[in-house]
Amino acid sequence: MTAALSGMRAFTVVWAGQFLSLLGSGLTAFALGVHVYRVTGSATTLSVVFALSLLPAIVVAPFTGALVDRWGTKRSLLVSNTANMVIALVLATLLFSGAFAIWHVYPIVAASSVVAALEMPAFATLGPRLVAKERLGQVNGMRMSAIATNEVLAPVAAGFLLLAVGLRGIVVLDLITFGLALLSVAIVPIPRDTDADGEAAERPRGLLASFREGWRYVAARPGLTALLLFLGAVNLSAGFIDLLITPLVLSFASADELGVALSIGGVGMVLSGIAVTVTGGPRRRVRGILIGSLAMAAATIAGATRPSVALVAAAAFVFMGALGVVLATNQALWQSKVEPRLLGRVAALVNMVSQIPQLIAYLLAGVLVDRVFDPAVGADDVRSPGLAAVIGDGPGRGTALLMMIVGALIVVSVAVAAAAPRLRGLERELPDAVGERDDSARPVVAGPA
């Protein structure tokens, strides 16, 4: 069946739908996070919510990754976007009926996590299904630009919309964006992976057996295994940063100022996403990932030195800009080195191994702040003049000290990774697994919906 949409045009249509979906989800997530922290005033409670955003995804990843390869990209995206709409509808019903309570956030976040475990590996397989391998850097740059624009618009827009239409109105907007994302996937034909004879590649019957095949593929390639371990180490630190930024800024500034700081950080990611889209990203991808990670570490340490919104915003700009390059480059690397028939399973494996350390960080961060660092440093004032000279004075500086330690851990992770010969030689030693693809005019066959 000849399709009107193929290649970059087809990718752009789906990308636009996902962009709107990300924006709607970002509005809801930011509004719920601010609501939970304001009501409870507890970093530990916030850490539980963050943990629930990851734990279910980790548990189901072996199954969802195999499902992506079995169902195909199109069906997986249709199912995940439909599930997101159902979750948003449940939240809207609770809000409009007046039955919404803080504890409802837990199952809603957990359900969203399960859906994300299907959606993210499915979206990771979209680019290789539609475009030539030379354009993988560009499509991943576009993906980072969408995520980054969400980082810019969602916090500021959510602050305004909370006053204008409240949490109810934000959830209604989220429902609309999910509907548009679903439509974009429905109208675009997405090819299935095929073998040399043009028939659908054979899938193992058992989902766990299928997932183990993806694990064996990575384990047999030491360079990919080393990259996976490095990603896990960096994500341990990133998990702390992700959770701690909210209580850190709210300890000396308002929610609106937090939104502005995060939005400025998002601008950095937008610019880096545009740069990767235009240039295709670093030619030496492993080196680009390591240098970007060092920039993230430097920004984390610098941003925690003083209780200043301007300083945090500048650090967030550098951090998010570097993160955009790291994420886009990393995904392009995996997409080019992994056989297409295994890409869903390997993408799920990468997400799972990256998220487990992040989950550990979420579980530890709130407890460490509330019970260790804030009491030791001083809840309202820093007790040690020497320490105050390093991290500044005032409330929340225990959180700042923990942030600086986390930044130093990223530096250590980069140093260890740079000393690993198989990781340094990954691009040279492991040939590309993605074949040539004419993404300009090749007719495609849509997978089953």
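Visitor: Quick one to start: how much of the protein chain is buried?
Guide: Buried residues make up 56% of the 449 residues in the chain. Keep in mind that this is a predicted model.

Visitor: OK, charges. How many salt bridges does the structure hold?
Guide: Five. One of them pairs Arg345 with Asp69, with the closest N and O atoms 2.6 Å apart. That pair links distant parts of the chain, since Arg345 is in helix H13 and Asp69 is in helix H3, 276 residues apart.

Visitor: Is that Arg345 buried or exposed?
Guide: Arg345 counts as buried because its relative accessibility is 1%, under the 20% cut-off. Asp69 is buried too, with a relative accessible area of 2%.

Visitor: Which other residue forms a salt bridge with Arg345?
Guide: Glu213, with the closest N and O atoms 3.0 Å apart. Glu213 sits in helix H8, 132 residues away from Arg345. Glu213 is buried, like Arg345.

Visitor: What about Lys337, which side chain does it meet?
Guide: Asp432, in a salt bridge of 3.0 Å, N to O. Asp432 lies in the segment after helix H17, while Lys337 is in helix H12, 95 residues apart. Lys337 is buried at 4% relative accessible area, whereas Asp432 is partly exposed at 40%.

Visitor: And which residues end up in one network?
Guide: Asp69, Glu213 and Arg345, joined by salt bridges that share partners.

Visitor: Back to H13. What's up with Asp374, where is its nearest opposite charge?
Guide: Asp374 is in H13, and it's buried yet has no salt bridge. The nearest side chain of opposite charge is Arg397, 8.7 Å away. Leaving out residues up to four places away in sequence, Asp374 touches several residues, including Gly396, Gly398 and Thr399.

Visitor: Why does Val267 count as partly exposed?
Guide: Because its relative accessibility is 33%, which falls between the 20% and 50% cut-offs. Val267 is in H10.

Conventions: Residues numbered from 1 in each chain as written. Predicted model: local features only at pLDDT ≥ 70, side-chain atom pairs only at ≥ 80, totals over all residues. Heavy atoms only, no water. Helix = DSSP H or I, 4+ residues; strand = E, 2+ residues; numbered from the N terminus. Buried < 20%, exposed > 50% of the residue type's maximum accessible area, 1.4 Å probe, protein only. Lys, Arg positive; Asp, Glu negative; His and termini not counted. Salt bridge = Lys/Arg side-chain N within 4 Å of Asp/Glu carboxyl O. Contact = heavy atoms within 4.5 Å.
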